[in-house]
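Subject: The structure I promised you

Hi,

I have written up what turned up in it, in plain words.

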Amino acid sequence: MSTKKILLVEDDTNFGLVLKDYLEINNFEVTLARDGIMGLNLFKSNNYDIIILDVMMPKKDGFSLAADIRAIDKVTPIIFLTAKALKDDVIKGYQSGADDYIIKPFDSEILLHKIYALLNRKEIDNKDSEIPEVLTAGNCTINTRLRELKIFDKARTLSPKEIALLALLFKHKNDLVKRTDALLKIWKDDSYFTARSMDVYMAKIRKYIKEDPSLEIINIHGEGFRLIEKQPNNGQ
């Protein structure tokens, strides 16, 4: 089983290091960020299994950070670990996207079991949404683990984002893949610049797919893309 990764955003250096050490002793890989902006940048550039946030932090508070994360990622569990104990603060924490809200001081063993429970729930929820390792459409087969696209007997290795985008289209062939969904899932951002980047990748993928006359990627203006699998006419 792979080591689970935790993003810990905590501005109290001593407390953050102690908690990081405790979680690492319990077989987690922990990245410690000491303010909200650093936490957001780390989240955007890495994949984490769970996120633990303080509330009172410099540059960006925990509530704002959680809301920013939820605008990008709806599923990664978020736990608030904070001294802010007023009912209004707890409610605000859940409204900003938290899965749990733990008030300091706390029992570290209870935190550990809350983490286990959230990770188990996430794994169950993800079973239905995972993209299979091998997908087919028309005369094409893709292997997401090997990052390989095979058209007829010709195979090529794709970049991580090319295979991720193509796998999304294959999984939802003949259906709409929304631009925003693709951007948030693959780039974790739906800004103008990432949208332009996705257009470049889409142009490359269209060039590959042209080698299979049974497939076509069409643009749905203002909405997204569809991978169309054309039905053979059987000579009619």
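Below is a walk through the model, from the overall picture down to single residues.

**The overall picture**

Before anything else, keep in mind that this is a predicted model. The protein has 236 residues, and 42% of them count as buried. Its secondary structure comes to eight helices and 12 strands. If you draw a box around the C-alpha atoms along the principal axes, you get roughly 75 × 35 × 25 Å. Look also at contacts between residues with a separation of 6 or more: 55% of those involve residues 24 or more positions apart.

**Helix α8 and its two partners**

Start with helix α6 (residues 160-171) and helix α8 (residues 192-209). Their axes come within 10 Å and cross at roughly 70°. Angles from 65 to 115 degrees count as roughly perpendicular, so α6 and α8 get that label. The crossing of α6 past α8 is right-handed. If you want to see who touches whom, pick out K161, E162, L165, L166, L169 and F170 on α6, and M198, Y201, M202, K204, I205, Y208 and I209 on α8. Sorted by class, this contact has 10 nonpolar residues, three charged ones and no polar ones.

On the α7 side the contact uses R179, A182, L183 and W187, while α8 brings T194, A195, R196, S197, M198, D199 and Y201. This contact of α7 with α8 divides into six nonpolar, two polar and three charged residues.

**The nonpolar cores**

The largest nonpolar core has 29 residues. Which of them touch the most other members? They are I142, L149, L165, L166, F170, I209 and I217. The largest share comes from α6, with seven residues.

Leaving aside neighbours within four places in sequence, L165 is in contact with A182, I186, W187, M198, Y201, M202 and I205. There is also another core, apart from the largest one, with 21 residues that include V9, F43, A66 and L184.

M56 is in the loop between β3 (50-53) and α3 (62-72), whereas N143 is in strand β7. Is each one buried, partly exposed or exposed? M56 has 48% relative accessibility, so M56 counts as partly exposed. N143 has 12%, so N143 counts as buried, the cut-off for buried being under 20%.

Their contacts, again leaving aside neighbours within four places in sequence, are quick to list. M56 is in contact with D11 and K84, and N143 with E133, V134, E148 and I163. One more distance for M56: its C-alpha atom is 16 Å from that of I91, and the two residues are 35 residues apart along the chain.

A bit of background first: most residues other than glycine have a negative phi, and most peptide bonds are trans.

- K104 and P105 are joined by a cis peptide bond, with omega at about -5°. P105 sits in the loop between β5 (100-103) and α5 (108-126).
- N27 is not a glycine, yet has a positive phi of about 75°. You will find N27 in the loop between α1 (13-25) and β2 (28-33), and N27 counts as exposed because its relative accessibility is 61%.
- K59 also has a positive phi, near 75°, without being a glycine. K59 belongs to the loop between β3 and α3 and is exposed, with a relative accessible area of 69%.

Technical notes:
Residues numbered from 1 in each chain as written. Predicted model: local features only at pLDDT ≥ 70, side-chain atom pairs only at ≥ 80, totals over all residues. Heavy atoms only, no water. Axes fitted to C-alpha atoms, helices over the stretch in contact; angles between N-to-C directions. Helix = DSSP H or I, 4+ residues; strand = E, 2+ residues; numbered from the N terminus. Parallel < 35°, antiparallel > 145°, perpendicular 65-115°, else oblique. Left-handed = near helix turned anticlockwise from the far one by under 90°. Contact = heavy atoms within 4.5 Å. Nonpolar A, V, L, I, M, F, W, Y, C, P; charged D, E, K, R; others polar. Core = buried A, V, L, I, M, F, W, Y, C linked by side-chain atoms within 4.5 Å. Buried < 20%, exposed > 50% of the residue type's maximum accessible area, 1.4 Å probe, protein only.
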